[in-house]
Amino acid sequence: MAKASKANFVCSKCGNVTTKWSGRCEACGEWNSIHEEAPLSSGPAAKTLGASRGRQVPLTGLAAEEAPPPRTASGLAELDRVLGGGLVPASAILVGGDPGIGKSTLLLQAAASFAGAGLKVVYISGEEASAQIRMRAQRLGLGKAPVMLGAETNLRDILTTLEAERPDLAIIDSVQTMWADHVESAPGSVAQVRAAAHELTSFAKRRNTAVIMVGHVTKEGQIAGPRVVEHMVDTVVYFEGERGHQFRILRAVKNRFGPADEIGVFEMTGGGLSEVTNPSALFLSERGEPAPGSVVFAGIEGTRPVLCEFQALVAPTSLAQPRRTTVGWDGGRLAMILAVLEARCGIPFTGLDVYLNVAGGMKISEPAADLAVAAALLSAREDAALPPETVVFGEISLSGALRPVSQTENRLKEAQKLGFSAAIAPEGGKAVDASGLRLSRMGDLAAFVGEIFGAG
């Protein structure tokens with residue numbers, strides 16, 4: 001007789017597995033987060049799990065009828081861009097975002113668009129009743145969309161319905177509310193989220209149905225639950241935005257069928273989310289006359305060039321420890337740039353508060369923004385505005401040298417399209433066509449300081 005498997009204890013915060021219960025997780029240090037998890041039932045013998053259970057197909061011998069069907073475009077160009085060109089059949093997609101940011105609104109609009117493109121769409125909500133979804137659809141002008149609605153949290157009932165309906169697209173809102181009756185833990189726990197994501201992903205591959213799952217996020221902005229869920233699915237996208245701004249950014253952080261770090265920009269209106277086809281013009285629309293501390297950065301998000309404005313403020317402080325506050329930019333990167341300015345250029349920021357903001361609610365993580373940040377800090381410190389109609393980009397090394405960045409020509413073309421006439425970039429890199437722009441090449445940060453601000 002097979003020996004009964006021993007129960008495990010799992011941390012609901014980090015997913016660490018232990019053999020005994022304790023009040024504090026040894027991995028993440030969280031208190032009262034360890035819960036008992038029922039063991040998996042004994043499965044078939046190991047010898048039945050080999051290649052003999054499935055049909056071996058050589059990669060080079062795939063027949064035309066076994067090739068995957070083409071993508072389906074939704075008609076929402078920004079969504080299709082993030083997905084890599086459209087919806088791939090049998091794909092599993094995880095969408096995360098802060099509460100109230102517009103995830104359900106976006107997916108309801110996407111469901112209506114895909115249904116209008118000829119797909120059979122099922123929208124299942126574990127958070128709202130069907131009547132509430134209909135009210136939201138009517139507010140968005142989607143009351144007549146051919147989308148089937150359901151309100152259910154029992155995973156077995158949901159899978160039974162999907163097996164009977166065989167839709168082309170199933171939207172699950174959200175995976176944290178799903179409850180698998182074979183797992184002895186509360187909905188939203190690590191075991192339940194992992195089981196629900198596994199079952200839904202397996203259904204997507206088995207029945208050639210695309211599945212979109214909504215995931216709640218933690219205070220740190222990560223999708224709640226075990227990190228293995230992000231490994232299971234094919235695509236992970238985050239819906240970002242500041243509550244004080246009407247702009248929303250859909251960002252792909254993982255995509256097996258397209259480029260990662262691609263973004264789609266939407267604007268929240270009274271009638272739902274509307275697409276922004278030219279985000280550079282939108283992020284720079286409120287930019288007035290050139291002012292000290294304001295610098296335009298020519299960046300790349302995925303495959304799309306995007307221009308945005310960095311704003312810096314440098315002011316004397318009365319505190320023993322000056323403030324270093326950033327919005328939309330990494331605080332550690334800011335500290336590095338301040339150290340390089342002091343060590344390599346002799347420009348100290350001691351006794352000065354430093355505030356840095358990316359206008360429009362954008363979040364920039366590209367190292368190519370280093371030079372734009374340094375220019376904004378120096379402009380604010382010296383109270384001298386940069387020449388008008390100038391864009392800046394380049395990566396700063398710890399030695400003070402400026403390193404070339406990728407896709408320089410695309411950055412310059414986007415700047416020229418929006419009416420900019422000058423650009424400051426690092427030396428080196430591939431030769432680019434800069435006709436129509438006054439391109440200034442800088443070798444190091446000291447040369448940039450001397451050329452633009454007359455010191456160094």
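User: Where is Asn 32 found?

Analyst: Asn 32 is found in the loop that joins strand S2 (17–18) to strand S3 (34–37), where helices (H or I, at least four residues) and strands (E, at least two) are DSSP runs numbered from the N terminus. This is a predicted model in which local features need pLDDT of at least 70 and side-chain atom pairs count only at pLDDT 80 or more, while totals for chains, interfaces and linings use all residues. Residues are numbered from 1 along each chain as its sequence is written, and side-chain values use heavy atoms, with hydrogens and water left out.

User: What makes Asn 32 exposed?

Analyst: The relative accessible area of Asn 32 is 62%, and the classes are buried under 20%, exposed over 50% and partly exposed in between, with a 1.4 Å probe and protein chains only. Asn 32 is therefore exposed.

User: What is the phi of Asn 32?

Analyst: Phi of Asn 32 is near 55°, a positive value in a residue other than glycine. Most residues other than glycine have a negative phi, and most peptide bonds are trans.

User: Is Glu 37 buried or exposed, and how do you know?

Analyst: Glu 37, which has its place in strand S3, shows 14% relative accessibility and therefore counts as buried. Glu 37 and Phe 9 are 28 residues apart in sequence, and their C-alpha atoms are 5.6 Å apart in space.

User: What makes strand S6 and strand S12 stand at the edges?

Analyst: The open sheet of nine strands has the order S6-S5-S7-S8-S4-S9-S10-S11-S12, with mixed pairing. Strand S6 (147–151) and strand S12 (272–275) each have a single partner strand, so one side of each is left without a neighbour in the sheet. From one strand to the next, the twist averages 25°.

User: At what angle does H5 run to S8?

Analyst: H5 lies across S4, S7 and S8 and runs at about 160° to S8, where axes are lines fitted to C-alpha atoms, for helices over the stretch in contact, and angles run from 0 to 180 degrees between N-to-C directions. Contact here means heavy atoms within 4.5 Å.

Technical notes
Pairing = 2+ DSSP bridges.
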